[in-house]
Amino acid sequence: MRMNRIERLKKSMEGKGEFALISPGSNFYYLTDLNIMGSMERLFLLVVPLDSEPFIIAPELYGESLHESGLEIELWKDGENPYLSLKKRLNLKNKIFFVEDSLPSVMLMEIMKNIPGSKFHPLSSIISSLRMIKEQEEIEYLKKAAYIADMVFKKIIGEDILRMSEKEIASLIEEYIQDFGGDSKSFDAIVAKGKNTADPHHIPGNSRDSIGPIILDFGAKYRGYCSDMTRTLFLERVTEREKEIYSIVREAQERAIFKVLPGIRALDIDKAARKYISEKGYGEYFIHRTGHGIGLDVHEEPFINNVNPIPLQNGMVFTVEPGIYIRGDFGIRIEDDVLVDNKQVILTKAEKDIIVI
């Protein structure tokens, strides 16, 4: 499967460039099935030439980790100059390279110095189109990650979260993710109580405010694949205004999800949610895109915003997460992971009726 992905990458490079340089991260894992951990201050690359076999150039201390990769490995020792080795191995000028977007600039400058006259473009311009369409194995992992998030949510709402701080709840979420079989969290959980819910990316603090809304936004990783789910609950009581805005956000999400079909543009999904919220008089309070792709990264293509014309295809998986945020008062967000499979398939299934704890 991994070699098939490399061949598909090569196909995408045809007529555009001769080499791809991929450093450890999600793209590296996608193409090699190798999850390389640790600081990357040493040059470590998967090199994919258009017209020959791929190889890995890596520090010698990673030799054992790469032993069963099935790829040609070129190891370099501390004290050696790996950039000269790369130059010798490629031995060319005036070529076009696709380079991992997250490659440290100091490494890119060294590569550019040793391969003069060449052009360098971001790898995302060609690999994102491959990763957007999930294979069946990837979909199964995404379903499992979503299931774990659902189980964590059920467990959390049974805890005494009224008296817990945001930080304590976030820590508990991470603990439960592993208890239910997740590799790790997809990202640092967002837990916001009271007025903090008006901040979409609130960092959990010591707030124990136990009256009003609480937003739980979290996800699990399973076999490297992410889930991302948000639910808004209410502690002790829910006001009529909070009920009204909750119902608007929920209806906006349902309208957006209903639009998810092959061939529909990403921007039309955003439009469905945004139009409804605007009609209800809260358009200015919906301050972010409607969703984003999920996979090996928690934020990846396709992005569900008001300018992305890309048509949806079977195998795409993304979030749908409208929200209304009234600064100084409160916010509401509901988020699910959605698969395109001839229709819309909601992967996260946690309760969305109003819950008062």
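Trainee: What radius of gyration does the protein chain have, and what would a compact globule with 357 residues have?

Mentor: The radius of gyration is taken over C-alpha atoms, and the globule rule is 2.2 Å times the number of residues to the power 0.38. For 357 residues a compact globule would come near 21 Å, and the protein chain, at 23 Å, agrees with that. Along its principal axes, the C-alpha trace spans about 70 × 40 × 35 Å.

Trainee: What should I keep in mind about the model and its numbering?

Mentor: This is a predicted model, where local features need pLDDT of at least 70 and side-chain atom pairs count only at pLDDT 80 or more, while totals for chains, interfaces and linings use all residues. Residues are numbered from 1 along each chain as its sequence is written, and side-chain values use heavy atoms, with hydrogens and water left out.

Trainee: How many helices and strands are in the protein chain?

Mentor: Both are DSSP runs numbered from the N terminus: helices (H or I, at least four residues) and strands (E, at least two). The protein chain has nine helices and 19 strands.

Trainee: Is Ser 12 buried or exposed?

Mentor: Buried means under 20% relative accessible area, exposed over 50%, and partly exposed in between (1.4 Å probe, protein chains only). Ser 12 has a relative accessible area of 16%, so this residue is buried. Buried residues make up 54% of the 357 in the protein chain.

Trainee: Where does Ser 12 lie, and which residues does Ser 12 touch?

Mentor: Ser 12 belongs to helix H1 (residues 2–13). A contact means heavy atoms within 4.5 Å. Leaving out residues up to four places away in sequence, Ser 12 touches Ile 126 and Leu 130.
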